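Try each task on the structure before reading on.

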Amino acid sequence: MSKHDITNILRKVLESVGMPDSYYSIGEYKEGAVCIEQNEKGYVVYDAERAKRNEEKEYKLFGVAAYDVISRIAMTKKDEKYLQKEVFDEIMKEALKEVFELNNIPIFYSFEGYVEEAICMEKDGKNILYTVEKEETNIM
């Protein structure tokens with residue numbers, strides 16, 4: 001999973017819930033926004049105000065940095081927990097895809113719901129369900 005792809009996970013989740021893009025910036029300084037940028041040590045998160053980086057924090061892991069961004073822009077604790085879970089779910093999907101592809105694992109899988117004869121991951125309310133559909137054998 002490239003660093004570019006992983007930052008798009010945060011963008012995708014924030015866009016999917018209608019978070020105004022004026023609230024956040026991914027990859028660059030934007031006045032009045034919560035910003036996340038990649039640096040040589042990992043990621044940095046800060047509030048951009050008056051041409052300054054306020055409350056700047058550095059993180060080695062993207063997931064932790066993304067949680068900080070969400071904490072800073074979420075309106076309620078409920079929204080914060082929901083968005084953090086969505087980002088985690090998307091990161092896990094991408095990590096699983098990468099493992100399957102890098103190891104040339106000939107497995108059929110679906111991350112968007114149930115599919116016959118495949119490893120499936122689907123949401124059921126607040127939970128994620130994992131299903132493995134096995135080939136049935138009939139013994140007479």
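The exercises below cover salt bridges and then aromatic pairs.

This is a predicted model, in which local features need pLDDT of at least 70 and side-chain atom pairs count only at pLDDT 80 or more, while totals for chains, interfaces and linings use all residues. Residues are numbered from 1 along each chain as its sequence is written, and side-chain values use heavy atoms, with hydrogens and water left out.

**Exercise 1.** Find the salt-bridge partner of R53 and describe where the two residues lie.

*Solution.* 
- Start with the criterion: a salt bridge needs a side-chain nitrogen of Lys or Arg within 4 Å of a carboxyl oxygen of Asp or Glu.
- A search of the whole structure with this rule gives five salt bridges.
- R53 pairs with E37, and their closest N and O atoms are 3.1 Å apart.
- R53 belongs to strand β4 (residues 52–59) and E37 to strand β2 (residues 34–39), so the bridge ties together parts 16 residues apart in sequence. Helices (H or I, at least four residues) and strands (E, at least two) are DSSP runs, numbered from the N terminus.
- Now check accessibility: buried means under 20% relative accessible area, exposed over 50%, and partly exposed in between (1.4 Å probe, protein chains only).
- R53 is partly exposed at 38%, whereas E37 is buried at 14%.
- Finally, widen the view: E37, R53 and E56 are linked in a network of salt bridges.

**Exercise 2.** Work out how the salt bridge between D68 and R72 is placed.

*Solution.* 
- The closest N and O atoms of D68 and R72 are 3.0 Å apart.
- Both residues sit in helix α2 (residues 62–73), four residues apart, which separates them by about one helical turn.
- D68 is buried at 11% relative accessibility, while R72 is partly exposed at 22%.

**Exercise 3.** Classify the aromatic pairs of the structure.

*Solution.* 
- Rings of Phe, Tyr and Trp (its six-membered ring) pair if their centres lie within 6.5 Å; planes under 30 degrees apart are stacked, over 60 edge-to-face, and the rest tilted.
- The whole-structure search returns two aromatic pairs.
- Y29 and Y46 have ring centres 6.1 Å apart and planes at 20°, so this pair is stacked.
- Y29 lies in the loop between β1 (24–26) and β2, and Y46 in strand β3 (residues 42–49), 17 residues apart.
- Y29 is partly exposed at 31%, but Y46 is buried at 0%.
- For Y43 and F62, the centres are 5.3 Å apart and the planes at 70°, so the pair is edge-to-face.
- Y43 is in strand β3 and F62 in helix α2, so this contact ties together parts 19 residues apart in sequence.
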